[in-house]
Amino acid sequence: MMPHPFSDEKPAAADLTLRQAQAMVDNWIRTYGVRYFSELTNMAVLTEEVGELARIMARRYGDQSFKAGEPTDPADEMADVLWVLLCLANQTGVDLTEALRRNIEKKTARDNKRHIDNPKLYDNPHTDNHE
């Protein structure tokens with residue numbers, strides 16, 4: 001398994017918070033996008049973007065190969081997924097900073113021993129680094 005590239009980094013002053021990202025997306029939509037697409041349309045767009053990310057992941061880390069000219073870097077597709085998720089959060093009044101904090105607390109309370117005690121997660125050949 002690849003180590004997270006930022007796991008030991010301390011946030012810099014210029015790092016973007018989720019709250020700031022939500023505000024930036026809202027500002028962009030109001031300035032350049034005229035208005036948000038409907039929530040249902042954005043849900044469909046989110047599904048589409050996740051599919052585009054899945055295609056890259058299947059080819060980069062799975063058994064499929066890339067087609068000529070096909071994007072190979074998942075970063076832009078991940079950003080597209082995040083963009084639409086930020087739009088949906090703004091549209092539905094969800095503060096993602098608070099939602100993520102609560103979600104991590106929930107997972108910690110529920111799963112604080114579950115994964116550590118799972119023998120399937122140790123010495124698993126499927127966690128190889130495929131870079």
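Predicted model: local features only at pLDDT ≥ 70, side-chain atom pairs only at ≥ 80, totals over all residues.

Start by selecting Met24 and Arg30, two exposed residues on the face of α1 that is turned away from its buried side. Here, exposed means over 50% relative accessible area, buried means under 20%, and partly exposed is in between (1.4 Å probe, protein chains only).

Residues are numbered from 1 along each chain as its sequence is written, and side-chain values use heavy atoms, with hydrogens and water left out.

**Stop 1: helix α1**

Now select 18–32, which is α1. This helix has 15 residues and spans 21 Å from its first C-alpha to its last, close to the 21 Å expected at 1.5 Å a residue (the expected span is 1.5 Å times one less than the number of residues).

Which residues of α1 are buried? Pick out Ala21, Gln22, Val25 and Ile29. They sit on the same side of α1, because they cover an arc of only 100° around the axis (the arc is that of the directions from the helix axis to the C-beta atoms). Just after α1, click on valine 34: its phi is positive, about 70°.

**Stop 2: the cores**

Next, select Ala21, Val25, Ile29, Tyr36, Leu86, Cys87, Ala89 and Leu96, the eight residues of the largest nonpolar core. A nonpolar core is a set of buried Ala, Val, Leu, Ile, Met, Phe, Trp, Tyr and Cys residues joined through side-chain atoms within 4.5 Å. The elements giving two or more residues to this core are α1 and α3 (74–92). Apart from this core lies another, of five residues, including Leu53, Val81, Val84 and Leu88.

Zoom in on leucine 86. Leaving aside neighbours within four places in sequence, leucine 86 is in contact (heavy atoms within 4.5 Å) with Leu18, Ala21, Gln22, Val25 and Leu96.

**Stop 3: salt bridges**

How many salt bridges does the structure hold? There are nine, each a side-chain nitrogen of Lys or Arg within 4 Å of a carboxyl oxygen of Asp or Glu.

Aspartate 95 is partly exposed at 30% relative accessible area, and arginine 19 is partly exposed at 46%.

Go back to arginine 30, which forms a salt bridge with aspartate 26, with the closest N and O atoms 2.8 Å apart. Both lie in α1, four residues apart, or about one turn of the helix.

Then select glutamate 70 and arginine 55, another salt bridge, at 3.2 Å between the closest N and O atoms. Glutamate 70 is in the loop between α2 (39–61) and α3, and arginine 55 is in helix α2. Is glutamate 70 buried or exposed? It is buried, with 14% relative accessible area.

Last stop: select Glu98, Arg101, Arg102 and Glu105, which are linked in a network of salt bridges.
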